[in-house]
Amino acid sequence: MKYRTIGTDPRTRREVSVLSLGAMLFGTRTDEATSYAILDRYVEAGGTFIDTSNNYAFWVNGTQGGESETLLGQWRRSRGVGDAIVIATKLAGRPLEPSWTLGHNIEGLSASVIRESSARSRERLGMERLDLLYAHVQDPRVPMAETVEAFGSLVAQGSVGLLGVSNHFVWRVERCRQLAASAGLAGYEVLQYHHTYLRQRSDLSTLRSPDGDVGVVTGDHLDYLRAEPSLALVAYTPLLQGAYVRPDKPLGPEHDHAGTPVRLKVLQEVAQESGVTLNQVVLSWLIGGDIPMIPLIGASSVAQLDESLAAVDLELTADQRARLDAAQ
Ligand SMILES: NC(=O)c1ccc[n+]([C@@H]2O[C@H](COP(=O)([O-])OP(=O)(O)OC[C@H]3O[C@@H](n4cnc5c(N)ncnc54)[C@H](OP(=O)(O)O)[C@@H]3O)[C@@H](O)[C@H]2O)c1
């Protein structure tokens, strides 16, 4: 395994593995025994960065979510997991009542939600201090100063270590960081967005925003990360849920553009030359790029996880990386 640091403050920064494991479907679609086997294997391989959310995975059984956090809390207790494993969770996207529908009637980012939902996450996870807490989705209904103040207070009180942000337009991230800095409060230091090798259209409106896909890495994010190298990018759904390698998981309309076949061709060539899978090239490309990223993968079996773990040791040659980067 390889490691890197997230955060800058010596009191809160953490060393994490460069491959993060998503627990989104653990405790719902993925049963307890399989989830435990995947978690145990990840830790055995040196993995130290696990991702969940207070709303995972409400849409599977029509609940409010929390099943994933609860399973992780039980797994932590049963394995005596201590400080070495960093667990990231999120709030804002939890539905206010049991629901099957993503993005509908969610709790948002008010000060009271931030206070109360973070306390419930600490209970479910069995942690006195959340290692990393993200604002899961943006909430234009709440003044940014209120959100910033509430998150910053949690860090000041010691009930949260690091703060992160997901699925926000970049100007909001920067505005919130400015507000936090001028108030002398901790601000967002970890960004979590969808990113992978294939580029997807970001102009398509989604449930989260009519103004385009707020969850996808664009040039705005890349330029921001180059300018602010102390920020870390966690790249979710890097394997496109299996679509690189599985005919049963076709690419969606967001990949229906001229760049997709061009990039797929180079990806296939590089995978063949190196005797590895497409997934492994994608993960290695993300980890080792000039803006290093932390891929956040999902797995529903130990075999899938093992394939992703092996990508950490895959070094692309300078020529392979240049060809992958140039394809568009
Ligand atoms: N911030 C956000 O809004 C957000 C959004 C989405 C996800 N996330 C986080 O990101 C994590 C990962 O998301 P994801 O599950 O969408 O990521 P992903 O890694 O792109 O997809 C994982 C899925 O891909 C398939 N897969 C994985 N390895 C495979 C292999 N070697 N061969 C064939 N298929 C393979 C499996 O599908 P099957 O299970 O069908 O076999 C697996 O469940 C989540 O757990 C969550 O923590 C965050």
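Buried means under 20% relative accessible area, exposed over 50%, and partly exposed in between, using a 1.4 Å probe and protein chains only. This is a predicted model, where local features need pLDDT of at least 70, side-chain atom pairs count only at pLDDT 80 or more, and totals for chains, interfaces and linings use all residues. Numbering starts from 1 along each chain as its sequence is written, and side-chain values use heavy atoms, without hydrogens and water.

**Backbone stops**

Most residues other than glycine have a negative phi, and most peptide bonds are trans. Helices (H or I, at least four residues) and strands (E, at least two) are DSSP runs, numbered from the N terminus.

Select Tyr56 and Ala57. The peptide bond between them is cis, with omega near -15 degrees. Ala57 sits in the loop between strand 4 (49-51) and helix 2 (58-61).

Go to Ala92, in the loop between strand 5 (86-91) and helix 4 (111-125). Its phi is positive, about 115 degrees. Ala92 is buried, at 0% relative accessible area.

Next, pick Asn105, in the loop between strand 5 and helix 4. Its phi is positive too, near 55 degrees. Asn105 is partly exposed, at 36% relative accessibility.

**Pocket stop**

A pocket is an open set of points on a 1 Å grid over the protein atoms alone, where a 1.4 Å probe fits, with protein on both sides within 12 Å along at least five of seven lines; lining residues have an atom within 4 Å of a point. Select His195, Arg199, Leu222, Trp285 and Met293, which lie nearest the centre of the second largest pocket. Now show helix 7 (219-227), which gives the most to its lining, three residues.
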